[in-house]
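Welcome! Please take a moment with the sequence and the 3D view below before reading on.

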Amino acid sequence: MNCRNFLRTAALSSAAFAFLAFSTSANAQKKYDTGASDTEIKIGNIIPYSGPASAYGIIGKMEEAYFKMINDQGGINGRKITFVSYDDAYSPAKAVEQTRKLVESDEVLFVFGPLGTPSNTAIMKYLNAKKIPQLFVATGATKFGEYKTAPWTMGWQPAYQSEGRIFAQYAITEKPNGKIAVFYQNDDLGKDMLKGLKDGLGEKASMIVAEDSYEVSEPTIDSHIVKMKASGADIFVSISTPKFAAQAIKKVAEIGWKPMFFQSNVGSSVGAVMRPAGIDNAQGVLSLAYAKDAIDPQWKDDEGMKKYLDFLAKYAPFANPAESSAAYGYGQAQTVVQVLKQAGDDLTRANIMKQAASLKDFAPDTLLPGVKINTSATDFYPIEQLRMMRFTGEKWDVFGPPIDSKLGG
Amino acid sequence: MELFTNQVLAGIATGAIYACMALAVVMIYQAIDHLNFAQGEMAMFSTFVAWQMMQWGIPYWGAFALTLIFSFVGGIVIERALFKPLAKAPVLTHVAGFIALFAIINSVAGLTWDFTIKQFPSPFGSSPFLGSQLISTHQAGMIGVTIILLVLLFIFFRYTRVGLAMRAAASMPESARLVGINTSWMIALGWGMAAAIGSIAGMLIAPVVFLEPNMMGGVLIYGFAAAVVGGLTSPLGAVIGGFLVGVFENLVGTYIPGVGNELKLPIALALIITVLVVKPNGLFGRAIVKRV
C-alpha cells in the first residue's frame, strides 16, 4: 500500500513537474506586443477604396479575402488574423489620420500594405517613431527600403529604379548606338525610373535625346508622342500607368513609328493595357515582369496559378482575373503570412520586422518562375529580380534569366 | 516645319474631343444658365451603358441609338428628381448639387464596371485618314459628327418652335411664361438634350482615351475652356473654341520650353481666365444685356 502510494505520488508529481516545466518553457516562448494574443493577430491597412486611385481598392479586398482563407484553414499557429482596412482616398492627410486610428484606437500589431507613394511618405515618420512595422508598402519608390533611415519600413515590389537600370543594360547591349526618347509620368514613378535608366546608362546617358513628361490629368497624350517621334529616337521608353500606356502604344502604332518600345511594368497588364491598346499595335513591345499574368494561357497548368485561380473562385469571386492588382494583393498577403509563420509565438513588433528581414528564397504563387523574395538586415527590398519579356501574339513571352538589380546593401 | 504641321494636325484631332464636349456644355448652359460639373460624368456613364449593350451583343448603331434615348430620358429624370426641387435655390446650391452628382455617378460607374480601362469600338475604324498618319479615320469621323451636330443644333435653336421656346425660357423665363411656354419642361428638355449630346461626345471620345470612370475628368476642363473661349451662348463658338484650345495647347507645349509638360492643364485654365477678363462673352457669344 505504502509502496503503491509512493509510486502514485511520484508519478503524479513527476507529471506535474513535467507539465510545469513544459508550460514555463512555452511561456518563455510566447511574447506579445499590442495587437497580438493567444487567439488573434491584428493587422492594420490603409488603401484608397475611393478617390482617384480607387482602382487599387481591389488590393485591399484581395488581402481581406486571403486572410479569410487563412482563418478558415485554422489561422497562423492557431491564431486568427483580424484585418482592419481603412480608406484613405489616396490622400496623405487622411492616411495619417487613419494610421493613427489603426495604431491608437484599434491597436494593431503592425501596418501592412499601405498603398501609394504620397500616403506612405506621410505615415513613414510616425510609424518609425512609434517603432511599428510599416510592412510591404505598395509602391516601388526607392525610399521605402532604406533600412538605415527607416528601420521599420519595408517595400515589396521591385523598386522603380531597378526597372530603369535593367532596361538601360538591355538597351546598351541590343542597340549601343540607339537614340532614346523617354516618356514618363510626372511623379515619383516616372522620376525614380528615369533616374534608374540614367544611372544604368552611366557614361552612355547621352543616348537619351528626348525627355517628355505627362500629367495624369491630361485627356490624351497624342501631342507628346508626335513630339517624341520628331526627335528621331529609335528607342522609346514609356514609363506610364495603364490608361496612358495603352494610349501611347496605340498612338505610336497609328503614326507609323516603329521604335524599340519599352513599357514600364505598371502599365503592362494584358487585360488592362495590351488588349485595349489593340493586340496588333502591341506586337514586339518589351517590358519587365516579376509576376505572372493570370489570364495568360501559358500559366494554365502552373501550380501556383491554379492555386490562385481556385482562391479567386472560392474567396474572391468579385475580382477580375485580368486585373494585375488582384494578383498583387494575393502575393503581398501570402508574403505577410509567411512572415507571421516564421515569427511563431514571438509576436513582438521587433520580431515581425526581424522575420520580414529574413525571408529566404520565398516564392509566392503569383511570381514568375525564378523570381524569389530575399531580404536581410541590410536588404529591405524584397523583390529585386525581374525578367525581360516581349509581347508576341496575345501574350507576354518571358525571355532571358531573372535579372538582379540590387539597390539594397 | 514638319513638327509644326504635325502638332497642328494632332491639335485639331484632340480639339475635336474638346469641341464635342463643349457642345454639350453650351447646350446645358442655354437651358439652365449654369455650367453642369457633372456633365462629363453623365457622358461617361452613358458611354458605359453603350459599352454594356455591345457586350450583350447589340450591334454598334443599335447600342448608339438606345444610348441616346437612355441618356435623353436619364437627363430629364435627373432634372425632375434633383434640380426641379432646387429651382428657386441660389446658384451655390446648384453647384453643390452638380458636384454631388459628379461624385455619385463616378462611384456608381466604378462599382458597376470597375476601373480597368476598356476598349470602345469606333464606327469609323482607325486607319490613317487620306494617307495622313496623324489623323485617323476615327478622328476625322469625330470632326464630321461634331460639325453635323453643330448644324442640327443651329437649325433647332433658330428654326424650330421648341428650340426658340427653349432659348426664350432660358434667357427671359418670365416673359416666356407669359406667352405660354412651359419653362419648367423646357429646362428638363434642355437637360435631356445636353445628356444626349454628352453621350455622343462620350462615345466618340472613348475610342481615343479609353473607357474608364475617370475618362472625362481632364476632357471636361478643356471642354469648359473651349466653351468659354468660343462663347457660352454659341454652339459654333464652342466648336471653334474646341479646335483652338487643342491646337493652342499643342503649340505652346511644343515651342515654349518649360511650359510644355507641367503646365499643360493650367494653359486651359489660363485661357478661361484671359477670355473672361478680356472678352467675357467669348469670341462668338452675344453680349447679355440685362434690364435693371
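The report below visits several places in this structure in turn.

## Before you start

This is a predicted model, in which local features need pLDDT of at least 70 and side-chain atom pairs count only at pLDDT 80 or more, while totals for chains, interfaces and linings use all residues. Residues are numbered from 1 along each chain as its sequence is written, chains are lettered from A and ligands numbered from 1 in the order in which they are written, and side-chain values use heavy atoms, with hydrogens and water left out.

## A serine inside a strand

Let us begin with S238(A), which sits in strand β8 (residues 235–239) of chain A. Helices (H or I, at least four residues) and strands (E, at least two) are DSSP runs, numbered from the N terminus. The relative accessible area of S238(A) is 0%, so this residue is buried. Here buried means under 20% relative accessible area, exposed means over 50%, and partly exposed lies in between (1.4 Å probe, protein chains only).

The side chain of S238(A) makes a polar contact of 2.8 Å with that of S240(A). A polar contact is a pair of N or O atoms within 3.5 Å; within protein, one must be able to donate a hydrogen and the other to accept it, and residues adjacent in sequence count only if both atoms are side-chain atoms. Setting aside neighbours within four places in sequence, S238(A) is in contact with F183(A), A248(A), F261(A), F262(A), Q263(A) and S264(A), where contact means heavy atoms within 4.5 Å.

## An enclosed helix

Next comes helix α9 (residues 270–277) of chain A, which is largely enclosed by the rest of the structure because 7 of its 8 residues are buried. The buried residues are V270(A), G271(A), A272(A), V273(A), M274(A), P276(A) and A277(A). Among the elements that cover them are α8 (242–254), β12 (385–392) and β13 (395–404) of chain A.

S269(A) caps the N-terminal end of α9(A), with a side-chain oxygen 3.4 Å from the backbone nitrogen of G271(A). Just after α9(A), G278(A) has a positive phi of about 105°.

## Empty space inside

Rolling a probe the size of a water molecule over the atoms shows where empty space is left. On a 1 Å grid over the protein atoms alone, a cavity is a set of points where a 1.4 Å probe fits but cannot get out, and lining residues have an atom within 4 Å of a point. Grid points are joined across faces, edges and corners, and a volume is the space filled by probe spheres set on the points. The structure holds 4 cavities of 30 Å³ or more, and the largest cavity contains about 40 Å³ of space.

Residues lining the largest cavity include F144(A), W156(A), Q157(A), F380(A) and Y381(A). Sorted by class, this lining has 7 nonpolar, 4 polar and no charged residues. Ala, Val, Leu, Ile, Met, Phe, Trp, Tyr, Cys and Pro count as nonpolar, Asp, Glu, Lys and Arg as charged, and the others, Gly among them, as polar.

## Charged partners

Over all chains, the whole structure has 17 salt bridges. A salt bridge is a side-chain nitrogen of Lys or Arg within 4 Å of a carboxyl oxygen of Asp or Glu. One of them joins D345(A) and R79(A) at 2.9 Å, N to O. D345(A) lies in the loop between α11 (324–343) and β11 (346–347) of chain A and R79(A) in the loop between α2 (57–72) and β3 (80–87) of chain A, so the pair ties together parts that are 266 residues apart in sequence. D345(A) is partly exposed at 25% relative accessible area, whereas R79(A) is buried at 2%.

E303(A) and K306(A) also form a salt bridge, at 4.0 Å from N to O. These two are 3 residues apart in helix α10 (residues 303–315) of chain A, so about one helical turn separates them. E303(A) is exposed at 56%, and K306(A) is partly exposed at 37%. Elsewhere, R100(A), E104(A) and K130(A) are linked in a network of salt bridges.

## A loop in chain B

Finally, N36(B) is found in the loop between α1 (2–32) and α2 (39–55) of chain B. N36(B) is buried, with a relative accessible area of 1%, and its side chain reaches the backbone nitrogen of A38(B) at 2.8 Å. Not counting residues up to four places away in sequence, N36(B) touches I28(B), M42(B), F98(B), W191(B) and F224(B).

Note on methods. 1 Å grid on protein atoms, 1.4 Å probe; cavity = no way out; pocket = protein on both sides within 12 Å on 5 of 7 lines; lining within 4 Å.
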